[in-house]
Amino acid sequence: MVLELQKPRPVWQIMFSTHHTDIGLLYIISSLTFLFMGGALALAIRVELFSPGTQFIADSMTFNRIFTVHGTNMIFLFILPFASGVGNYFVPIMVRYKDMAYPKLNAIAFWMIPPAAALIWLGFADFGWYGQPPYSMISSPSPAAEMWIFGLKILGVSSVLGAINFIVTILKCKHPDLPLSKVPLLAWSFLSSSLIVLVAIPTFAAALLMLLTDRLGVTGFFNPALGGDPIAYSHLFWFTFHPEVYVLVIPAIGMMYEIIPRFSRKPIFSHSSGMFAFILLSIVSFASWAHHMFATGMSFTEKTVFMVGTLAAVPASAMHVFNFLATMWGGRAKYSTPMMWAIGGIALFFSAGAGGVVNTAMPLDFITHDSYWVVGHFHLFVFGTIAFGSFGFLYYMFPYITGRMYNEKWGKVHFIITLIGAVLVFFTQHILGLYGMPRRVFDYPPFPAWIEMNQIAGVGAMLLGVGMTIFLVNMIYSSAKGKEANMEDPFGLGGKYYYPYQRKNPHHD
Amino acid sequence: MSHIEHLDQIYRTSPRRVAKMMAIMLGICLVGGTIFFGMWDYWISGVSPASIARAGKVEITSPVVATGKEIPVSLNFIESSDFRTFAFNALPGEPDHNPTITAAVGDKIIFNVKNAGKSFHAFGVTQEDEGTGGIIPGSNIQSASNPIKPGQGGQSEFIPGKEGIYYYICTVPGHRAQGMQGQIIVGDVSAKTENTETEPITGSPMPAPELKKAPETIVKEKPEQTMKEEPKTNTPFTGTISISPGASTPGCDKTNECFIPSDVTIKVGETVTWSNNDSAAHTVTSGTPTDGSNGTFDSSLFMAGKTFSHTFDNTGEYTYFCMVHPWMTGKIQVN
């Protein structure tokens with residue numbers, strides 16, 4: 001077995017290990033815990049909006065706190081750590097090195113997450129995951145806001161450390177016989193997303209400090225009363241977080257690049273176009289941040305520039321989709337659970353991308369701006385694409401981590417329920433936005449169309465809850481009592497197509 | 001397939017091990033959850049320093065002797081059918097539209113408010129003539145973030161602490177501008193012409209944040225505020241002019257309260273001391289902001305907590321200003 005612990009050790013040895021698989025395991029277990037915690041908050045939001053009036057959240061403050069932590073948690077404590085976990089497992093093996101380049105730094109990067117998570121969860125701030133001033137600077141109560149700021153600060157440092165580690169591991173520690181162009185696409189995805197992190201995060205780190213000193217009343221960077229400009233925060237924020245969207249999605253695409261050729265029993269259609277598209281995405285990701293701010297009174301020229309800059313991401317994304325389809329074309333596909341997740345993810349990626357083009361077109365953006373359309377679009381991306389890829393990859397890794405098989409039937413049930421749920425929730429939210437429902441509201445007037453669509457979304461959210469419960473039970477039960485996996489070929493693919501991560505570095509162990 | 005085959009034994013996760021991991025995770029979640037729910041409200045109990053700096057300029061009603069007279073007022077929030085005009089009780093042009101309330105200092109005005117419209121509303125009394133800031137604590141019914149829903153209502157009381165014009169408004173942003181405001185005239189109507197307005201909140205048109213929480217922290221500033229409410233000519237001048245807290249933000253000029261008092265009369269040979277009670281550095285420079293310094297006296301920049309003195313040996317009228325904050329002006333008449 002490749003990925004499991006070499007021999008059973010006490011739990012504390014795994015927890016405080018610096019070995020990349022142990023840290024990968026910690027990342028994955030903690031990110032899944034946060035997934036379920038954040039999912040519970042999402043259900044609370046949907047139940048509250050199931051019909052107009054108060055369901056069980058009596059005031060807007062509580063509601064705001066819930067959606068703030070839901071967003072912050074899902075992005076920074078589920079998606080990013082999950083990707084880091086996968087990268088920790090696979091990047092060293094794929095570049096044939098014994099460990100990450102800096103094992104202790106790697107452990108530090110992980111152990112920054114629990115204190116940051118404690119700050120974010122305990123504080124439960126109320127200003128949305130944007131922390132948009134002037135609200136976040138003046139009105140938002142203490143100390144929750146400061147805790148959020150420090151929590152994100154720590155997570156930013158953790159991301160940068162992780163990114164440095166991946167970059168050095170891939171560029172400097174890969175096996176001398178392995179040219180960069182032959183490095184598997186999953187490792188490539190970590191290389192490009194880490195480069196984005198390195199360039200993008202410092203801006204937000206600076207913005208957080210400025211926000212903090214503004215809150216303390218020392219400075220007025222974003223305080224209009226002191227001559228500051230809240231829009232400046234938006235620019236700083238989105239300069240980090242538009243590229244960050246690609247930081248989230250690129251590893252998920254990398255995971256699909258791992259799953260799809262394997263289960264199509266056919267090599268990747270074009271390795272080099274995948275690499276090219278990754279590089280292209282990481283460059284154009286910096287050309288589009290201000291499309292989040294078309295409605296802030298930008299000049300026509302600025303808007304046009306950012307519209308074109310955003311559209312530049314379309315060819316790169318389409319190259320990935322084409323690559324997936326061409327790989328599957330003519331292959332002897334086996335629709336095991338990971339493959340189903342990957343294909344579902346591609347379908348939703350395509351839909352989310354189509355919605356993204358609408359947002360990008362700035363005249364249409366003014367219709368969708370700040371409506372539920374945006375909520376639907378964003379979630380279709382992060383849940384429909386990134387989480388789908390992640391779930392698929394988790395099923396794919398499962399036998400290699402635990403030495404046991406998950407329950408294939410319940411894995412498929414999980415997929416089908418989740419796909420239906422995701423479509424019900426997030427497609428409906430698009431339409432709800434076109435009907436004019438604003439986002440971030442804790443109550444709404446009883447317009448029949450709004451009620452109906454919120455209830456459809458509520459039912460979809462319940463389906464997602466059921467699906468995730470099945471997932472949780474399946475994971476726990478199977479890792480304890482699942483049937484023993486055939487480690488040569490756990491998915492019964494015939495073993496003709498090699499698993500790159502099984503080509504281990506001879507120096508390993 | 002791969003030839004690095006497992007010569008060694010394959011280890012698989014055991015139920016025991018999974019149970020251990022679950023126990024650790026659940027344990028952490030339980031401890032965390034206890035802290036989480038136990039301290040739920042604590043984490044939002046504070047106010048940001050930036051918010052205190054803004055709210056510091058809000059008038060706090062001083063305790064008054066109640067007259068015992070009660071004035072019940074019923075108000076209904078209504079909207080025109082096209083939602084362009086909002087009002088209390090009746091649309092503009094109809095009788096009983098935004099009724100004006102007259103009261104004396106110390107009267108208890110009891111508001112009985114009902115949302116008879118279709119939109120969300122909230123109620124409050126303020127002294128500011130625009131915006132939704134400066135809501136007097138206790139006079140509000142619900143708030144913009146937790147408004148009165150259609151069909152619901154509420155009750156609140158307001159005891160005016162001093163003469164002047166107050167406004168009862170809808171505190172949901174925008175609604176006041178659409179017509180949801182009425183006057184409360186307290187005491188002599190001529191009070192209107194006097195400078196009894198409180199300092200307005202300046203800067204952004206945002207509603208003042210969480211005013212209810214602010215009073216404890218700013219009560220300290222009250223002595224100065226009571227002083228400046230007196231008509232200017234009666235101000236007992238002690239020789240010290242205070243640079244008021246928050247003067248570094250434009251807005252104090254509207255009420256001439258950047259320097260307190262801003263207009264003093266002294267005799268020849270007397271010394272005036274300026275005390276910087278603001279958190280920022282200021283200057284006291286003779287002249288006017290438009291024409292610049294005329295060289296009679298200049299403190300140059302002096303820090304918070306420091307003072308500057310100048311002795312006036314000639315009669316005349318001296319205007320002075322702060323070179324850093326040109327809206328801060330004052331005048332000294334030397335006889």
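## Gln183 of chain B

Leaving aside neighbours within four places in sequence, Gln183(B) is in contact with Thr100(B), Ile165(B) and Tyr167(B). Two residues are in contact if their C-beta atoms, placed from the backbone, lie within 7 Å. This is a predicted model: local features need pLDDT of at least 70, side-chain atom pairs count only at pLDDT 80 or more, and totals for chains, interfaces and linings use all residues. Residues are numbered from 1 along each chain as its sequence is written, while chains are lettered from A and ligands numbered from 1 in the order in which they are written.

Gln183(B) lies in strand β8 (residues 181–186) of chain B. Helices (H or I, at least four residues) and strands (E, at least two) are DSSP runs, numbered from the N terminus. Gln183(B) is partly exposed because 16 other C-beta atoms lie within 10 Å. A residue is buried with 20 or more such atoms within 10 Å of its own C-beta, exposed with 12 or fewer, and partly exposed in between. Gln183(B) and Asp129(B) are 54 residues apart in sequence. Their C-alpha atoms are 9.7 Å apart in space.

## Chain B overall

Chain B has four helices and 17 strands. Of its 335 residues, 35% count as buried. Take the chain B contacts between residues at least 6 apart in sequence: 71% of them join residues at least 24 apart.

## Two helices of chain A

Helix α9 (residues 230–264) and helix α12 (residues 313–328), both of chain A, pack at an angle of about 15 degrees, with axes 9 Å apart. That makes α9(A) roughly parallel to α12(A), a term for angles under 35 degrees. Axes are lines fitted to C-alpha atoms, for helices over the stretch in contact, and angles run from 0 to 180 degrees between N-to-C directions.

From α9(A), Ile253(A), Met256(A), Ile260(A), Pro261(A) and Ser264(A) meet His320(A), Phe324(A), Thr327(A) and Met328(A) of α12(A).

## Nonpolar cores

The largest nonpolar core has 157 residues. Such a core is a set of buried Ala, Val, Leu, Ile, Met, Phe, Trp, Tyr and Cys residues joined through C-beta atoms within 7 Å. Ile79(A), Ala187(A), Val249(A), Met256(A) and Ile259(A) touch the most other members. Helix α15 (residues 372–402) of chain A gives the largest share, 20 residues.

Not counting residues up to four places away in sequence, Ile259(A) touches Pro338(A), Met339(A), Ala342(A), Gly392(A), Phe393(A) and Tyr396(A).

Technical notes. Parallel < 35°, antiparallel > 145°, perpendicular 65-115°, else oblique.
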